[in-house]
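Biologist: Can you walk me through the ligand in this one? Keep it simple, please.
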Amino acid sequence: MTPSRLQLEHIVKSFPGVLAVQDVSLEAYPGEILALAGENGAGKSTLMNILSGSFPADSGKIWLDGVEVNITSPRRAQELGIAMIHQELALIPQMTVAQNIFLGREPRLAAGLLVDTKKMVIQAQALIDQLGLDFPVTALISDLSIAQRQMVEIAKAISFQSRVIILDEPTSALSERESDILFALMRSLREQGVTLIYISHRMEEIFNLSDRVAVMRDGQLVGVTPTKDLTIQTVVQMMVGRELKDFFPKKQAEIGDVILDARELRSGKRVRDVSFSLRRGEIVGLAGLVGSGRTEVARILFGADPLDHGEIKLAGRIVHLHSPEEAIRLGIGLVTEDRKAQGLFLGQSVRSNASVLLFEKLAQLGFILYSKVDAWMRGAVTQLTIRTPNLEQKVRNLSGGNQQKVIIARWLAVNPQVLILDEPTRGIDVASKAEIHTLMSELAAKGMAILMISSELPEILGVSDRILVMREGRLMAEFSRAEASQDRIMQAATGQLAAG
Ligand SMILES: Nc1ncnc2c1ncn2[C@@H]1O[C@H](COP(=O)(O)OP(=O)(O)OP(=O)(O)O)[C@@H](O)[C@H]1O
Ligand SMILES: [Mg+2]
């Protein structure tokens with residue numbers, strides 16, 4: 001049997017009020033892709049952060065290629081050949097690609113003081129070319145897309161001759177094509193004997209890529225199994241400790257009157273002429289490729305982007321949405337795709353983040369009943385299964401998926417007439433995803449109109465009553481739930497006939 005590359009023994013890590021990793025022992029081998037699965041808050045990122053030197057374990061041992069190692073810092077991890085691509089990217093936006101890759105170990109000119117920029121650029125470009133990427137290494141990180149930034153992180157990991165590369169939900173911000181490039185790269189690294197540890201909530205990816213799957217639940221390792229011996233059902237069962245039946249349980253809701261009517265919306269180059277309406281009780285899916293203008297439509301409806309032309313009617317009356325505050329006041333909500341940019345106050349508590357809109361609403365009424373707010377908060381935390389020791393926990397300390405749930409909770413509080421959700425389940429585990437879908441369908445049943453942007457076609461097909469497809473700033477197609485299929489949507493989104 002191959003000797004293990006990596007051996008974790010009895011790793012324990014607690015945070016105040018949370019036992020994040022409980023006595024985990026795990027091995028990984030050279031030339032394998034080990035998937036790490038588990039619900040939001042199960043301890044996946046924590047375990048991997050220990051391995052990559054972000055913080056020490058409370059106790060436990062780590063062996064690398066048969067030698068016990070003490071990983072005291074990210075730098076030490078790098079020296080040992082352990083690289084981690086984090087859930088939240090960690091590049092310096094004001095620096096170039098090449099500078100980021102060689103940060104702290106830039107090639108020097110003969111005298112040793114000055115950075116040999118020319119050499120650095122050549123070496124970095126060679127890496128980028130090797131990965132089949134097509135942006136210049138002299139570009140600033142801030143000018144790159146999220147996907148490109150992710151690729152830079154990977155280039156950096158490779159440049160360290162890493163023996164172990166950890167990827168924490170790398171595809172959650174990538175388009176399908178970009179994900180494919182990443183997967184091809186991961187497979188070729190596996191060929192070269194690198195150990196890859198891959199955290200993802202996407203079961204299809206786990207099954208396509210991995211050799212074995214390790215599942216964590218509540219800080220513990222539930223099991224490690226060769227992927228070929230598993231089914232999605234069994235993995236999910238291991239994750240949640242019970243059987244999950246219905247992934248997309250859309251309830252039949254009474255579809256009511258038109259609540260929002262958008263006519264000929266135009267804004268800049270991204271939204272070229274978009275007309276559609278939303279009815280009470282309806283979930284409308286907005287599909288399209290990344291960059292097709294979906295997010296921009298959402299921003300217009302939320303008063304965040306100006307309209308060059310067009311008209312929006314809410315409950316039959318023309319409205320002028322000049323700001324998000326105005327949209328909120330009129331009963332339009334938006335959960336955006338970027339957790340950080342949409343105003344999660346990471347340094348503040350779950351309570352203040354989730355109740356910020358509720359307080360605004362109550363303040364308009366002129367009084368606030370704190371006991372009411374508290375009761376509501378507890379309800380929301382339970383309903384969304386937000387995993388937090390208490391309401392005072394700082395949002396920064398929640399796992400990625402639980403941060404997303406706090407944003408959704410915020411909107412539940414104010415019960416908008418129209419709720420726009422932009423990639424609402426990105427980074428959310430399968431079980432919670434089903435809960436969020438159930439919640440959406442309950443909200444619709446109560447008369448809310450929901451517009452959901454999603455890049456995951458199974459999600460779009462599963463929850464939508466009606467599906468709109470955008471391409472290059474225009475609406476290309478509309479399907480009823482019965483008419484829609486993955487092929488038809490992709491065809492409208494790309495303008496091409498799907499193969500097969
Ligand atoms: N710095 C911290 N301070 C306090 N608690 C923390 C901290 N980091 C993580 N936790 C807690 O530890 C637990 C495990 O979190 P972790 O981020 O490892 O989960 P995860 O499995 O990566 O989840 P996700 O799929 O949502 O990313 C959670 O309850 C989280 O709130
Ligand atoms: Mg995580």
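Modeller: Start with one term. A pocket is an open set of grid points with protein on both sides within 12 Å along at least five of seven lines. Keep in mind that this is a predicted model.

Biologist: OK. Which pocket does ligand 1 take up?
Modeller: Ligand 1 takes the space of the second largest pocket.

Biologist: How many residues surround ligand 1?
Modeller: There are 20. The closest are Gly 41, Lys 44, Ser 45, Thr 46 and Ser 399.

Biologist: What kinds of residues are in that shell?
Modeller: Twelve are polar, five are nonpolar and three are charged.

Biologist: Now the polar contacts. What does the side chain of Thr 46 do?
Modeller: One of its N or O atoms is 2.5 Å from an oxygen atom of ligand 1.

Biologist: And which backbone atoms come in?
Modeller: A polar backbone atom of Asn 397 is 2.8 Å from a ligand 1 oxygen. For Gly 43, a backbone N or O atom lies 3.0 Å from an oxygen of ligand 1.

Biologist: How much of ligand 1 does the protein cover?
Modeller: On its own, ligand 1 has 640 Å² of accessible area, and the protein covers 89% of that.

Biologist: Switching to elements. Which ones give two or more residues to the shell?
Modeller: Strand β2 (18-28), helix α1 (44-51) and helix α13 (400-414) do. The largest share comes from α1, with three residues.

Biologist: Last one. Which domains does the shell draw on?
Modeller: Domain 1 (6-240) and domain 2 (258-494) each give at least three residues.

Note on methods
Residues are numbered from 1 along each chain as its sequence is written. Chains are lettered from A and ligands numbered from 1 in the order in which they are written. This is a predicted model: local features need pLDDT of at least 70, side-chain atom pairs count only at pLDDT 80 or more; totals for chains, interfaces and linings use all residues. Side-chain values use heavy atoms; hydrogens and water are left out. A residue is near a molecule or strand if one of its heavy atoms lies within 4 Å of it. A polar contact is a pair of N or O atoms within 3.5 Å; within protein, one must be able to donate a hydrogen and the other to accept it, and residues adjacent in sequence count only if both atoms are side-chain atoms. Accessible areas come from the Shrake-Rupley method with a 1.4 Å probe; for residues, only the protein chains shown count as cover. On a 1 Å grid over the protein atoms alone, a cavity is a set of points where a 1.4 Å probe fits but cannot get out, and a pocket is an open set with protein on both sides within 12 Å along at least five of seven lines; lining residues have an atom within 4 Å of a point. A molecule sits in a cavity or pocket if more than half of its atoms lie within 2 Å of its grid points. Helices (H or I, at least four residues) and strands (E, at least two) are DSSP runs, numbered from the N terminus. Ala, Val, Leu, Ile, Met, Phe, Trp, Tyr, Cys and Pro count as nonpolar, Asp, Glu, Lys and Arg as charged, and the others, Gly among them, as polar. Domain bounds come from an automatic or database domain assignment.
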